[in-house]
Amino acid sequence: MSRRSAIRNNLCPIRDLALNVEPLRAPTAAERKTLLRALTNSAIGAGAFLLTCMGLHAILPFPAIDDGVSQKLRFFAAHKDEFDTLFIGSSRVYFQISPAIFDGVMREEGIPTRSFNFGIGGMFLPESAYVLEQLLTTKPRNLRWVFIEYDELQTKWAFENQTSRRALYWADWKRTSLLLRKLTDVGIDAVWLPSLKKLRDIILCRKGEANTYKQLIFHTAQFEKNFINVARGADILDYFWGRDISKWDAKYLGAAGDGYIPKTGGMSASQAAAYERALGLAMGTKPPTAFISPYTVEAYRQCAQKVRAIGAKPILLVMPSATQFNIAYGDNNARPPGVIMAFNNPRAYPNLYRSSARRDREHLTKSGAEEFTRIMAVNFAQLIQAGEVK
Amino acid sequence: MSFVEFRFLWFFLLLFIVYWTMRDNTARKVWLLLCSYVFYAAWNWKFTFLLLGSTTVDYIVGRMLARCKSRGWRRLWIATSVCANLGVLGFFKYFNFFVSSASGFLAWLGLPTSVSTLNIILPVGISFYTFHSMSYTIDVYRGRQRAISNFADLALFISFFPPLVAGPIVRAVNFLPQLVSARKFSDVDVRGAVILFLAGFIKKACIADGVAPIADRYFAHPANFTPRSAWIGVLFYAIQIYCDFSGYTDMAIAAARLLGYQLPNNFRFPYFAQNVSDFWRRWHISLSSWLRDYLYIPLGGNRGSRWFVYRNIMITMLLGGLWHGAAWTFVIWGALHGIALLVHREWTRLTASLEWATRAMRWLAWPITVYLVCVAWIFFRAHDLSRAGTILKQFVLFRGSGNEHFHRWMLLVVAALAFIHWLNSRRWFAEPWRQWPAPVFAAAYGCTVAVVLLFVPPHYTPFIYFQF
């Protein structure tokens, strides 16, 4: 053998690979039997696993979720038949709708109500839809109106919150499928037909889809964890040992016990100046162009269906937030599933957009919140009197 | 990608099904090699080139060692391999440590310097696969291992994904012969492997990740806690590091077994050791045996005078500590174990004929060993020497002015886990499930996994040894 051949033989791994491949042969009967047995046992194991997960999911107590979710759920369940009006949404609801003021104005209008504020900081769709379903499963007998904050379906979760239980407990298939549909833009039909171009952009992180892939993985993993009941052991221990969370009730239910927490404070002079400038610019631009997505409308349609099923009426509430100027709705392709009360128009509601009435772009001051509640109650009473809401 | 993540489950399912569907050994090895690189790339694909480069260097060195008969040339080649491997390890892991330590030393001497450290990412598993590949070239040099002509086999040995990122450290002499012939599925102890994987998962995901918040809370601000809480914090860390590391090892061994490969055992109930020597025969066995065979024995081992042996022990333990991390706390941890080994040797020598000492140590050996190991863990875990000092005062001297405390029932948790561990050492959980019919075992396994997942924390805690 020449020196060159010897070197090639010694140092060329591909050649070695190519020389050593054995010819294919058909599986023997014993191998087929082993494979069949392995597949059968694997299927039995997988089936037992899935059934146990589903069974555990059905019998486990509701998870103890902080930030007021469990506290308010527990309170509402204990007092469900006392309320005929419910407000549900994020901190824009939590800190800005006073049930006492709302009930007072409605009483003056001749429509007495007893309302409860189920706002939770950072609670947007789809979490709010899940919580609403939990509230409605308690079957409140006297509930007549449910005000649901109307905003786009949120796909993003702050990185520091992604491992919290707050990001996990609502991730059932109903919520997750909508999120996945929105991220891949497959539409809301029964059959999922992803666009290959969109999938390519997502996988290659092109054209603004850099985070979409990560969000798809995140939400899929959350659904998996929720389905297989990750971390639910603590709920069993809490259920039997009775973790006392009642001491937090006042913190989340407010002094009046109606779920409303007024927030003090306002903008500094420089913040107010910057806000006024931004507001002026926003009002100088063209009318709203960012339509609520069909996935969002589908989520609200599901909420509205649940609300109507118990005999109540859904009202969709667009809050007076400076970040929601450009939100539009009512596009014929995605009609909202209920009456909309929109307050995202600074021209129609200038008092709610004065810098003196605001703590920041999202939230009103205490006096601003009280004024907003009064306006909303008056508008709602007018809607009832006009027959648009029964 | 780690063994407790969902994507590993899908990854392994696909790998397993395709692997056992193939009947050709070469095709299986190529598939395994590809999957191992994909596994590593899931963390950072750029460092797969480093892995490939390290493999290539050692393949060439191995081939040249096989060809060269001259002692001088063989020494040169083995030196090339060792320098290349340790150079890469040294750069990625220790460059900033040495630079900042040198800078601090010069400043202490009154010679302030302005040196900048580099923003170096530590490739995951570099400490482990470097030792894997060095074991190959050193054994070829010593004549214990034949040089591999098939590059893919060597690449698979070094990159084989189960032990790649956190051990056990695999020797070429143990693994390469397994690649020669095709594995048979009928030879695989599937039940044993899946049970071992589940046991490892419980140790890591339920126990280690469950106690981690307590240990982390304590070690972050030890001065805020009472001395009793110091004991709880340190004991919880001792539980965490054992369950985390041995849990990973169990899962790695189980995954390899499911593919037909045997990996060495890495733990043998270390917290039941009767002395520090015994501890190192039970803790991270693959590392201690690697250090013994490739460092301690070449330094001279037990041959020579007592002080010569002690020198060898201290060098081995100091470097063993440094291997774990680029920080003085790890060096001190290694030094403490080294000193404990020396003290044990001296004690054994001095009390060999003293019956009272032998009888006393029968009762005292175990608690003293556990205590010393826990003291050493303080340095292993502490953020810096200052905090280590605070913890030491609380743990050893019961001195501390903090007010925060952990509930006493946490000591019951320690006792309960220790009892379960003792039952495991007596093989209480070992065999009954082997007698069950396969469908019953499969159903019971599925149900058990579903129940175990209830106790997994929602947050993912990285494996401790990934940082090494």
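Chain A of this predicted model contains 15 helices and 7 strands. Of its 390 residues, 33% count as buried, and among the contacts in chain A between residues at least 6 apart in sequence, 79% join residues at least 24 apart.

A:Asp84 is found in the loop between α4 (69-78) and β1 (85-89) of chain A, and because it has 18 C-beta neighbours inside 10 Å, it counts as partly exposed. Leaving out residues up to four places away in sequence, A:Asp84 touches A:Thr113, A:Arg114, A:Asn142, A:Leu143 and A:Arg144. A:Asp84 and A:Ser115 are 31 residues apart in sequence, yet their C-alpha atoms are 6.1 Å apart in space.

Chain B is divided into domain 1 (6-182) and domain 2 (190-455), and the centres of these two domains of chain B, taken over C-alpha atoms, are separated by 26 Å. Where they touch, 21 residues of domain 1 of chain B are in contact with 19 residues of domain 2 of chain B. On the domain 1 side, α1 (6-21), α4 (71-108), α5 (126-142) and α7 (161-164) of chain B are the elements that give two or more residues, and that side is made up, by class, of 14 nonpolar, 6 polar and 1 charged residues.

The largest nonpolar core has 130 residues, of which B:Phe157, B:Val234, B:Ala255 and B:Ile378 touch the most other members. Helix α10 (residues 227-258) of chain B provides the largest share of this core, with 20 residues, while domain 1 (6-182) and domain 2 (190-455) of chain B each contribute at least three residues to the core. For B:Ala255, the contacts beyond its neighbours within four places in sequence are B:Phe12, B:Pro162 and B:Phe197. A second, separate core has 67 residues, and A:Phe76, A:Leu135, A:Phe343 and A:Ala357 are included in it.

The two chains meet in a contact that takes 34 residues from chain A and 30 residues from chain B. On the side of chain B that touches chain A, α2 (25-44), α6 (151-159) and α18 (438-452) of chain B each supply at least two residues, and α18(B) accounts for the largest share, 10 residues. By class, this side of chain B has 21 nonpolar, 6 polar and 3 charged residues.

Helix α18(B) itself has 15 residues and reaches 21 Å from its first C-alpha to its last, close to the 21 Å expected at 1.5 Å a residue. Its buried residues are B:Phe441, B:Ala442, B:Ala443, B:Tyr445, B:Gly446, B:Val449 and B:Ala450. The packing partners of the buried residues of α18(B) come from both chains, namely α3 (29-59) of chain A and α9 (190-220) of chain B.

How are the buried residues of another helix, α16(B), arranged around its axis? Helix α16 (residues 385-397) of chain B has 13 residues and spans 17 Å from its first C-alpha to its last, close to the 18 Å expected at 1.5 Å a residue. B:Ala388, B:Thr390, B:Ile391, B:Gln394 and B:Phe395 are the buried residues of α16(B). Seen down the axis of α16(B), the buried residues fall within an arc of 160°, so they line one face of the helix. These buried residues pack against α10, α14 (328-350) and α15 (355-381) of chain B, whereas B:Ser386 and B:Leu397, on the other side of α16(B), are exposed.

Some backbone details remain. Most residues other than glycine have a negative phi, and most peptide bonds are trans. B:Phe398, which follows α16(B), has a positive phi of about 55° although it is not a glycine. B:Phe398 is found in the loop between α16 and α17 (409-425) of chain B, and it counts as exposed because it has 12 C-beta neighbours inside 10 Å. B:His284 likewise has a positive phi, near 45°, and is found in the loop between α11 (276-280) and α12 (285-299) of chain B; with 23 C-beta neighbours inside 10 Å, however, B:His284 counts as buried.

In chain B, the peptide bond from B:Gly167 to B:Pro168 is cis, with omega near 5°, and B:Pro168 is found in the loop between α7 and α8 (172-175) of chain B.

Notes
Residues are numbered from 1 along each chain as its sequence is written. Chains are lettered from A and ligands numbered from 1 in the order in which they are written. This is a predicted model: local features need pLDDT of at least 70, side-chain atom pairs count only at pLDDT 80 or more; totals for chains, interfaces and linings use all residues. Helices (H or I, at least four residues) and strands (E, at least two) are DSSP runs, numbered from the N terminus. A residue is buried if 20 or more other C-beta atoms lie within 10 Å of its own, exposed if 12 or fewer, and partly exposed in between; C-beta atoms are placed from the backbone. Two residues are in contact if their C-beta atoms, placed from the backbone, lie within 7 Å. Ala, Val, Leu, Ile, Met, Phe, Trp, Tyr, Cys and Pro count as nonpolar, Asp, Glu, Lys and Arg as charged, and the others, Gly among them, as polar. A nonpolar core is a set of buried Ala, Val, Leu, Ile, Met, Phe, Trp, Tyr and Cys residues joined through C-beta atoms within 7 Å. Domain bounds come from an automatic or database domain assignment. The expected span of a helix is 1.5 Å times one less than its number of residues. The arc is that of the directions from the helix axis to the C-beta atoms.
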